[in-house]
Every structure is written in structure tokens, then in C-alpha cells.
Amino acid sequence: MGQPHQTLGEYIIENQKAFRYSSGELSRLISSIKLAAKVVNHEVNKAGLVDILGAHGETNVQGEDQQKLDVYANEVFIDTLINREIVCGIASEEEDEFITVKGHNGNHDNKYVVLMDPLDGSSNIDVNVSVGTIFSVYRRITPEGQPVELKDFLQPGNKQVAAGYIIYGTSTMLVYTTGHGVNGFTLNPAIGTYYLSHPDMKFPKTGKIYSMNEGNYVHFPKGVKNYIKYCQEEEGDRPYTSRYIGSLVSDIHRNMIKGGIYIYPKSSKVANGKLRLLYECNPMAFIVEQAGGKASDGYQRILDIEPTELHQRVPFFCGSKKMVEKAEEFMKSSV
Ligand code: AHM
Ligand code: MG
């Protein structure tokens, strides 16, 4: 575990030793993500100045073209990972197909693929609500030296070697796991350094917050409707508090600190819910499990789902272990 006041850079170097066979590639990969996140953070923070500097799609007073922030974030993360020549492939919410990345001297020797949602919840930016980046890292399954293939990306979440999120909030934090617990680092924007502010994060076993878009209530399956009623009943520590930002990273980050459950179920409108398995649910599930929480599709563990498509969607029940177990009970008993 890291020491308080340790910087992310120091933490990465110190913990690299913990990986057997580590060549430092994963550490360099995390360092690239931390760098790209600083660049995106700077741009996200300027978003409120858009009326002054020019709206997206327009030319600003400096004569530069303004871009939508999710497109910008996508470019920053992809360019950073490509320039540092440390991954062999990238998949992104913003790209229809995966990207093959060449390593040093144009070879295909790198080991890791990255899947990401470069700026999740970006519709919230216009109203100054927190947004996030989510990333997931796998070791390739095709032999090194060959170009990556789709199957390198379609691995179940239990094969992730690292996952994390960046929350661009009242402060900017990078939270990640390499399968040895979860640590959170807060960016000091004045000097551009992340400090270990939340060592060994733990998801409370239970909580009092439920987070879902209840506006869709009529379209929800019976089990979810019954679970909502249960949350609202007056008994024991209930009724629970309803908190829904509509920004996945922020909702889960808050629940991880305070205790709670996040649900994006399937509905009569969306057969498999809205969220994407590979670069939204799997990385969040890995982090949440590493912190002692639980993530399921209502019936089975998210991390055990065998993916079939890059952009596949999945219902998502994620949070405090006891609360997710309770929600699963309702799903199983209300057919
Ligand atoms: P996005 O990837 O298009 O930004 O959508 C994902 C977001 C999540 O951050 C959030 O939890 C959810 O969509 C909110 O959806 P809704 O507005 O349907 O409640
Ligand atoms: Mg998204």
C-alpha cells in the first residue's frame, strides 16, 4: 500500500516491483494515461469559457477550431498511447472499429490492449456537472509480433490486468487498480501532480443510496420496480436516499465512498440497458470488486460475461455488496 502524500509517479515506480515478470510496460501505460488525463482535465476546466472562446464547431478568437470535448478527449488519449508506443491496440467508445497500434520500429511486439470511454457523461459538460474517463487494460491473447485481432479485445472482464477512471469533478482524481486493491490520487492542478489521497479504497458493505434513472420507471422490469419499492419502504434503515447524477463515474465514485447501489437496467425501451460492457461496465466492475463491492447484470457477475461485440451493452447493477445481492434477489424472484 502507498504512503500518504506519495505522488502517483512514486507510487507507480514503487509498485512495479510487486509485479512478477514486469517489464515496466504496464507502468508506462498508466503513466501515459495520467498524462493524457491532465491534458483533458485542462480542456474540461475551460469548458465554461466556451461563450467567450467560441462554441464547439466554431472558430475561436485565436483562430483555432473548437472541438466537441468527447472527440477531443478521444484524440488526446489515442495520440498519447500511440506516441508512447506502449500498446498494441486501442478500442474506444468513439471509434467504430479497434485501432491497431505499432510499437517501436513499426513492430507489433507490445503486449497490452486498452479499451476506453474517453469522456463519459459528456452531455453534462454544458451544465458544469462532473464527467469521467474510464479505461480497461488486457494482455493480448494473440502472439506478440502479429497485428492485434478482435479477439484480443473480446476478453471477459476477469482477464483485465488494470482498470481505472478519472473523475473531472470539484477536484480531479485518478482511481485505478491492477488487481491489488484500489487507490485514488488527487490532482493538484497548480503543479500538475497527482497525490495519493485515497489509499486502499473500500466499498462499504452496505449503504443508503440508490442511484438510477427513475424517470424510466414504467419501462423497467418487474424486479427493478419491486427493488425500488423496497428502497422506498419505511423499515429498518430504509427508506434509502435517491441520488442520480447521470454521470456513471461520479455516481459510482460517490457510492464507493458513501455506500450505495447504481442500477442501469434493461427496459422495454432498451433491451440490454445503455451501458457498454467492455469499456464502461467491466472496468468499473473490476475496480468495485477490488474495493470489496459487487457488480452484476442482475443475475450473473459482470466480469464473467463472454463478450461477443466491441460495443455490446449490458444491464448494470453495481455497488455495495449487500445491496447488489438484495437487488439480485428481487430480479430472480420477479419474473
Ligand atoms: P454516454 O456514454 O453517452 O455518456 O452515456 C453514459 C451515461 C452514464 O454516464 C450515465 O450513467 C448514463 O449514461 C445516464 O443515462 P440516462 O440519461 O439514460 O439516465
Ligand atoms: Mg459512455
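The model is predicted: local features need pLDDT of at least 70, side-chain atom pairs count only at pLDDT 80 or more, and totals for chains, interfaces and linings use all residues. Residues are numbered from 1 along each chain as written, chains are lettered from A and ligands numbered from 1 in written order, and side-chain values use heavy atoms, without hydrogens and water.

The chain holds nine helices and 13 strands (DSSP runs: H or I of at least four residues, E of at least two). Its radius of gyration is 20 Å, close to the 20 Å of the globule rule for 335 residues, so the chain is as compact as a globular protein of that length. That radius is taken over C-alpha atoms, and the rule is 2.2 Å times the number of residues to the power 0.38. The C-alpha trace spans about 60 × 50 × 40 Å along its principal axes. Buried residues make up 53% of the 335 (buried, under 20% relative accessible area; exposed, over 50%; partly exposed, in between; 1.4 Å probe, protein chains only).

Glu93 lies in the loop between β1 (87-92) and β2 (99-100) and Asp117 in strand β3 (residues 112-120), so the pair ties together parts 24 residues apart in sequence. Glu93 is partly exposed at 29% relative accessibility. Asp117 is buried at 1%.
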